[in-house]
Amino acid sequence: MKKQLLLFLSLLGYFSLQAQPKKPNVLYILVDQWRAQSIGYAGDQVVKTPHLDRLEKESLNLRKTVSGMPVCSPHRASLITGQYPLTHGVFMNDVLLDSNRTSIAKVYKQAGYQTAYIGKWHMDGHGRSSYIPVTRRQGFDYWKALECTHDYNHSEYYSGDSPVKKTWETYDAIAQSEDVVSYLKAQSHSSQPFMLFISIGSPHDPYQAAPEKYRKMYEHVAIKLRDNVPLENRDKAIKDARGYYAHMTAIDDCVGQMWQTLKDQGLDDNTILVFSSDHGDLLGSHGAWNKQQPYEESIRVPFLLHYPKAFGKKGKKVDVLLNTPDIMPTLLGLSHLKVPKTVEGRDFSSVLKGKKKDDVAYTLISCVQPFGQWPRAKGGREYRGLVSDRYTYVKDLQGPWLLFDNRNDPFQMTNLVNQASFKWIQNQMDKALHMELKKRKDEFKPGLYYVKQWNYLIDETETVPYQKVNYQGIPIKDLSTGYPQNSQ
């Protein structure tokens, strides 16, 4: 009788395990400086992105997604912690994200996932080419990464626990994608779910660095610039756009290859596939380049969420105001994992599934401390702002700075701040911003206050150094800039 009971309990346990649905895999494709407007499915008639266009037709397109602090390290730190920059302290590039933070990889790992990271990291703060020890990898096990490089054709990385630097054999986006393909093929034979990040350094400048095959595609194509590019910036903007688009088409092919591998290996249905960017690129709009600024070309990023098991394969446009800190809890929610209490972002998974009403009317954008490509000498300033479904409202330390009606003025060419007919919306958004800052315990002080609070070393441009010494003043042995010697 005892043997029969043991056999019954054993079979019960077996069938209980068999009945449990397999946890979804996660493949997160993160690119650098790709603005939401420059994709075929978003209406850009010049750039060639056939794979992303097809992916969009089978995905949720979260077309209102915002990079809350549109610059590299702050976005990445918020992405993997679910926290706002003043909480985790990474509000500038080239500083360290505390290795004791509760990260997305640590949560998935604890839930039985294999974790992997390939490509650009930019959260270590010990020089852009220095070895990153296991203790500072935030829970990622499989590791082929470098702190930061934009030398795409001579791109270095560290593999596993070895401190010996290696070099990707080709244009790094292609080589890294091929490594993802190998990883996916290996995982197709594993019963253990995986959570894999591939972080691609392009289409970030230098723009003229994509393989020749892709650059030739745009050599003689008529480039249509955005209406808000001033006449005096058009020649440079056209030249840069050709290279920017070449990078994008190269990446598009990589996305197609990775997605096809998911399908070929039978992983597509139960994998949460995300394509997104850390921030956009002004690329001449408003007479500026790169990011940090609160304009649409800088803050608005693509976000495709492909998960057939939960959402099917019929594409859908979704207008939730997803912000960077919301990504971690939303992925965890879709994976049926508990969101840690340390997370400040919002879990939109129930909203995306239609089980809960979306009640988010505004989302926060900010620049705690201007630096790097947007120093004070070029108009850089601290700001806090809100983006709604229709409006963008921004304050600097002097008071209201920008107000745009993005529906009627999509290129943000008319600043409505203090105009009598829009005073009501300005007052409404100002009150909402005050409440949001209060909730975030953000006193909106000058940037140097927070630099001092976190004890960061900065240079004469108020930028954290990353070549000779790091954010703590510790000498850096590897003096690589992360850019090719002949870059513009």
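Predicted model: local features only at pLDDT ≥ 70, side-chain atom pairs only at ≥ 80, totals over all residues.
Two strands pair if DSSP finds at least two bridges between them.

## Strand E7 and its neighbours

Strand E7 spans residues 194-203. Of its 10 residues, 10 are buried, and the strand is thus described as mostly covered. Strand E1, made of residues 25-32, runs parallel to E7 and is joined to it by six bridges. One of the residue pairs can be named here: Tyr28 has Phe197 in E7 as its bridge partner.

Strand E3, residues 114-120, also pairs with E7 in the parallel sense, over six bridges. Which residue of E7 stands opposite Gly119? The residue opposite Gly119 is Ser199 in E7. In a regular strand the side chains alternate between the two faces of the sheet.

## The annotated domain

The UniProt record, an unreviewed entry, places the feature "domain: Sulfatase N-terminal" at residues 24-335. Over residues 24-335, the chain is 32% helix and 17% strand.

## Salt bridges

Side chains of opposite charge can pair when their charged atoms come close. A search of the whole structure finds 28 salt bridges.

| Glu156 | Lys165 | 3.5 Å |

Asp359 lies in the loop between helix H12 (349-352) and strand E11 (362-367), and Arg346 lies in the loop between helix H11 (324-334) and H12, so the pair ties together parts that are 13 residues apart in sequence. Asp359 counts as exposed, at 56% relative accessibility, whereas Arg346 is partly exposed, with a relative accessible area of 30%.

Lys165 and Glu156 form a further pair, at 3.5 Å from N to O. Lys165 is partly exposed, its relative accessible area being 28%. Glu156 likewise counts as partly exposed, at 21% relative accessibility.

Salt bridges can also be joined into a network, and one such network links Asp32, Arg76, Lys120 and Asp278.

## Cysteines

How many disulfides does the structure hold? The structure holds zero disulfides. A disulfide requires a pair of cysteine sulfur atoms within 2.5 Å. The closest cysteine sulfur to that of Cys148 is in Cys72, at 6.0 Å, and is therefore too far for a bond. Cys148 counts as buried, at 1% relative accessibility.

Cys367 is in no disulfide either, and the nearest cysteine sulfur, that of Cys72, is 15 Å away. Cys367 also counts as buried, with a relative accessibility of 4%.

Key: Residues numbered from 1 in each chain as written. Heavy atoms only, no water. Buried < 20%, exposed > 50% of the residue type's maximum accessible area, 1.4 Å probe, protein only. Helix = DSSP H or I, 4+ residues; strand = E, 2+ residues; numbered from the N terminus. Salt bridge = Lys/Arg side-chain N within 4 Å of Asp/Glu carboxyl O. UniProt positions renumbered as here; feature names shortened; annotations may be inferred.
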